[in-house]
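Okay, thanks for making time, everyone.

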Amino acid sequence: MRLGLNLGYWGAGNDAENLELAKEADALGYSVVWVAEAYGSDGPTVLSWIAAQTERIDVGSAIFQIPARTPTMTAMTAATLDTLSGGRFRLGLGVSGPQVSEGWYGVKFDRPLARTREYVEIVRKALSRERVVHEGPNWTLPLPGGPGKALKLTVHPVREHIPVYIAAIGPKNLELTGEIADGWLAIFYSPEHAAESVAHIRAGREKAGRDMAGFEIVPTVPIVVGEDWRTCADTVRPYAALYIGGMGSRDKNFYKELATRMGFGEQAQEVQDRFLAKDYQGAAAAVPLEFLDATSLLGPKERIAERMRAYADTGVTTLTLSPMLQDLEQGRGALRTAREALELAGLAE
């Protein structure tokens, strides 16, 4: 099992620290560093900045939002980043959510599965450097009856195949991910609750006539190092409460639905009620300790190593860490401890 680093959203006041963490991960032999975007900083700019100041580590989008770009624009960006980084780019995609898609991008959030399938098809066609001709419910290239003509990408990516990852939560999206992608970007991944999700991925692979060989399972997992894992869990509470309580509307929140499927439905409802009432401290306090422990790496090195074995046993190929930063040195320490824990667990490649 390999290690990755997720830097989250840029522009939160910790940008210099994030760059230093990316450099630290590069020096420690981490496999990949991921960045996110929502409605603030964009992913490609940050990835190019990091790629220019690292040497070996891959750089990946977790995620580029599908409603933010046409598929051919995403292919252009992927090819450019792969070229600038010397073949180190990984393309992570996701549909975002209704509030961002419709409120920020003005793109109707409908038929997300069909839209994702069509989007990936066009991206891959463009990256293969064949002339892009496509007719579907969301995109038609070239537009009929006008001056447009079928074009092909002029940039040559370093690699013939740039891996595509999809951020998926629901059962149908998980199956689609297994069918059309090279990897799955997971959130709130718990070894104790992963079997059903992995089964959906496997069903998608079988639908495409493939097995799980070569497919990447890449969860992002908060990490807090300390002697008392319960105290460490408190550091993760605001992060979990934001997603379960505030990432979406009262009627449509994918993360709340995931926590409910994991058996925390009553507690997830309380987190959402408190968060939407702007009782953020109360929402954080309402996140169950068991949920935090199941979806995070908490405590001393030995306990983290034990949890890493549990993740590996479920098929995780790259364990992406999200240090809950108090300061830069704590972040660096978390990355070093995680590397030591991986070796202690006997999982280092």
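So, the surface: the chain exposes about 15,400 Å², and carbon and sulfur atoms supply 51% of that. Those accessible areas come from the Shrake-Rupley method with a 1.4 Å probe, and for residues only the protein chains shown count as cover.

Before I go on, this is a predicted model, so local features need pLDDT of at least 70, side-chain atom pairs count only at pLDDT 80 or more, and totals for chains, interfaces and linings use all residues. Residues are numbered from 1 along each chain as its sequence is written, and side-chain values use heavy atoms, with hydrogens and water left out.

Now the overall build. The C-alpha trace spans about 65 × 45 × 40 Å along its principal axes. There are 13 helices and twelve strands in the chain; these are DSSP runs numbered from the N terminus, with helices being H or I of at least four residues and strands E of at least two. Of the 349 residues, 53% are buried, where buried means under 20% relative accessible area, exposed over 50%, and partly exposed in between (1.4 Å probe, protein chains only). Also, if you take the contacts with a separation of 6 or more, 72% are between residues 24 or more positions apart. Contact here means heavy atoms within 4.5 Å.

Let's zoom in on one helix. Why is helix H6, residues 171-180, largely enclosed by the rest of the structure? Well, seven of its ten residues are buried, so the rest of the structure largely encloses it. The buried ones are Asn173, Leu174, Leu176, Thr177, Gly178, Glu179 and Ile180.

Pick out Thr177, which sits in helix H6. Is Thr177 buried or exposed? Buried, with a relative accessible area of 0%. Leaving aside neighbours within four places in sequence, Thr177 is in contact with Ile166, Ala168, Gly183, Trp184, Ile201 and Phe215.

The largest cavity holds about 70 Å³. Its lining includes Ile66, Val95, Phe109 and Arg115. By class, that lining has six nonpolar, one polar and three charged residues; Ala, Val, Leu, Ile, Met, Phe, Trp, Tyr, Cys and Pro count as nonpolar, Asp, Glu, Lys and Arg as charged, and the others, Gly among them, as polar. On a 1 Å grid over the protein atoms alone, a cavity is a set of points where a 1.4 Å probe fits but cannot get out, and lining residues have an atom within 4 Å of a point. The volume is the space filled by probe spheres set on the points, which are joined across faces, edges and corners.

Methods
On a 1 Å grid over the protein atoms alone, a cavity is a set of points where a 1.4 Å probe fits but cannot get out, and a pocket is an open set with protein on both sides within 12 Å along at least five of seven lines; lining residues have an atom within 4 Å of a point.
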